[in-house]
Amino acid sequence: MLSIMSKIARIATSHRGVASVRNQNFDYFLVLDFEATCDRDRKLVPQEIIEFPVLKFNCRTLDVESEFHQYVQPRIYNQLTPFCIELTGIVQDMVENQPNIEETLEKFDEWMKKELLDPGARFSFVTCGDWDLKTMLPSQCQYFKITPRPYFNRWINIKKGFADVTGVFPKGLQPMLQELKIKQIGRHHSGIDDCRNIAAILKSLLEKGYIFSTTGTL
């Protein structure tokens, strides 16, 4: 009898998970995690994005369907500091002769037009914290007098979804992976690896029945 009840419980949980995926407010999540110029003992002004990765995550299938990944050449502090190299794993050769931020944003917009051709597609960026789209991109765009696309003005902070599910607000990415028993992919502070880990957390929370909504706006 216990075995039968356990099977029923598992089926019920599975059905709730499927229903929640179908009832999401979005068709796609764009998982984003910038890496930027930095130094150990001083604040760089401006900070400049040096890695610009985005994963297109289908919230029906829970699969990553496509990725945009571009290293970006900084202009003001164009030599990466030893601290930045140690933290991110990005070395000077990886940003030399790469597109600048304006060119990268143009390339990303072309990718967006290709990947989200359906004008009715509902999507949201997903970040680990608010820094990427509330602080980093706006500050760099302001410094270089760039007008960012309006689609950057809304996002989901996955930490808030994690807190809703677990009752604990996480300090960062790694505590979420540990709590959800997800094996870390690659290295922390590699932008593309962080995106893959955020996507794994996103999938886990969706499977638990969580319904995501916008948490941050400009």
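I began with arginine 40 and glutamate 86, whose side chains meet in a salt bridge at 3.4 Å, N to O, a salt bridge being a side-chain nitrogen of Lys or Arg within 4 Å of a carboxyl oxygen of Asp or Glu. The pair links distant parts of the chain, with arginine 40 in the loop between strand S2 (35-36) and S3, and glutamate 86 in helix H2 (residues 82-88), 46 residues apart. Helices (H or I, at least four residues) and strands (E, at least two) are DSSP runs numbered from the N terminus. Both arginine 40 and glutamate 86 are exposed, where exposed is over 50% relative accessible area, buried under 20%, and partly exposed in between, with a 1.4 Å probe and protein chains only.

I noted that this is a predicted model, in which local features need pLDDT of at least 70 and side-chain atom pairs count only at pLDDT 80 or more, while totals for chains, interfaces and linings use all residues. Residues are numbered from 1 along each chain as its sequence is written, and side-chain values use heavy atoms, with hydrogens and water left out.

I then looked up the other salt bridges, of which the structure holds 11 in total, the pair above included. Glutamate 102 forms one with arginine 75, their closest N and O atoms being 2.7 Å apart. Glutamate 102 lies in helix H4 (residues 101-115) and arginine 75 in the loop between S4 and H2, so this pair ties together parts 27 residues apart in sequence. Glutamate 65 and lysine 56 meet at 3.5 Å, N to O; glutamate 65 counts as partly exposed because its relative accessibility is 42%, whereas lysine 56, at 5%, counts as buried. I also found Asp27, Arg60 and Arg122 linked in a network of salt bridges.

Last, I turned to the nonpolar cores, meaning sets of buried Ala, Val, Leu, Ile, Met, Phe, Trp, Tyr and Cys residues joined through side-chain atoms within 4.5 Å. The largest has 27 residues, and Phe52, Phe108, Phe125 and Phe152 have the most contacts inside it. H4 gives the most to this core, with 5 residues. A second, separate core of 26 residues includes Val31, Cys59, Leu173 and Phe212.
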